[in-house]
Amino acid sequence: MSQEPEKILGGEICRETLDLLAGRVATLAGTDREVFLYPHVRADADALGSCLAMQEILRQIGVRSRVIAEESTDEVISFVNTDGAVMGVCGYDEFPLERQAMAIALDNSGGSRLGKRMGMYDSAPERWIIDHHIPDQPDESPHIWRDTAAAACCEMLTRLGIYWQNHFPQLQINADCANILMMGLLTDTGRFLYANTTSGSFQTAAYLVEHGARVADLNLCMYDALTETQMRLRGLVFQRVTSLCGGRIMIDIVTCNEMREYKASEDDLSGVASELRRVSGVELAVMLREVELGKYRASVRSDDGGAARRLALRFGGGGHAAAAGFSLWAESPEDCLEQVKAAATEEMSCAPEHESP
Ligand SMILES: [Mn+2]
């Protein structure tokens, strides 16, 4: 056992936790008891990728599992439209809960990040968390593997897959699995350009490419294929975005009416906050969206100094240092914008009157 690595692909593993989890899932092999896998609400490529990778790993060791996404199957599947990499994503309302022997929250730590599925997760006889987000409170359970230094949950799952070969010799990261893990890694690192990208991210990428990840295909399907709707919506936002604090803050809001007018869906705004952050001098970018009457959602980006997360925390949200989000209620889009502008300028310690244009 002295050959066991402490580090895999430049990232740490928590051997005790992974040994414990391996032992627990092994007891389910060959039975009809299942592991239910929970991505966070509005599952992104990292949340979904880590669930699908875990599902494939469990399949190889003879353990039944299912991915329980908050969103409809159609929405989720269109998101991972990567040539046969989908391994059974399902809706949340149609499952035999009595089969749930274990629940694993991936890329989230349960609670409100599970939305309507919270009760379902909490009802599991055994609950686990594999996450790379900063926790709201200190972790106490032995059933949590958290690595806030990991750029993506998919990075952690790659290490888990390699480490578990000690427990399950038949286990291998096959091409579909590698591709789906790479999808999450690409997304959460902004294609290896965000501040969270480490040498470990590149080592993970190299490993995944060796095992069949198709980087060019993923790039084409996930990034280069901007729809006309997305392009026009960006045009709207880029034209009118408000610049505050002498250009250190950029903020805009898109209303339900505008979303309808542009025939846009929620996904069409994803990435816009990051693009606003690219403007030179911008330290904090906020993209607001009216979700329904009175309810708004914010996507926030900053550098890894943590302004994005601090702004999100002011509104009861959370996330990573440089990429965070929150929801809020306001009387009108104008009111929402004013509230967030005030908080953002306070966060950046600058006077709100320096507004342009
Ligand atoms: Mn993630």
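## Cysteines

A disulfide here is a pair of cysteine sulfur atoms within 2.5 Å. By that rule the count comes to 1 disulfide. It joins C245 and C350, whose sulfur atoms sit 1.5 Å apart. C245 is in the loop between β9 (242-244) and β10 (249-254), and C350 is in the loop between α13 (333-347) and β15 (355-356), so the pair ties together parts 105 residues apart in sequence. Helices (H or I, at least four residues) and strands (E, at least two) are DSSP runs, numbered from the N terminus.

Buried means under 20% relative accessible area, exposed over 50%, and partly exposed in between (1.4 Å probe, protein chains only). C350 counts as buried at 18% relative accessibility, and C245 is buried at 8%. C51 is in no disulfide; the nearest cysteine sulfur, that of C153, is 7.8 Å away. C51 is buried too, at 0% relative accessibility.

## What kind of model this is

This is a predicted model: local features need pLDDT of at least 70, side-chain atom pairs count only at pLDDT 80 or more, and totals for chains, interfaces and linings use all residues. Residues are numbered from 1 along each chain as its sequence is written, and side-chain values use heavy atoms, with hydrogens and water left out.

pLDDT is the predictor's confidence in each residue, from 0 to 100. The protein averages 90, and 90% of the residues score at least 70. Over residues 82-87, though, pLDDT stays under 50.

Donors are N, O and S atoms within 2.8 Å of the metal (3.2 Å for Na, K and Ca); water is not among the atoms, so sites may look incomplete. The manganese ion is coordinated by D46 (OD), D107 (OD), D107 (OD), H132 (NE2) and D188 (OD), at 2.2 to 2.8 Å. D46 in helix α2 and D107 in the loop between β6 and α4 (118-122) are 61 residues apart, so this pair links distant parts of the chain. D46 is buried at 0% relative accessible area, and D107 is buried at 1%.

## Helix α1

In α1, the buried residues are T17, L18, L21, A22 and V25. They cover an arc of only 135° around the axis, which puts them on the same side of α1; the arc is that of the directions from the helix axis to the C-beta atoms. With contact meaning heavy atoms within 4.5 Å, these buried residues pack against elements including α2 (45-60) and α5 (153-163).

## A323

A323 lies in strand β14 (residues 323-329) and counts as partly exposed at 25% relative accessibility. Leaving out residues up to four places away in sequence, A323 touches V300, R301 and A308.
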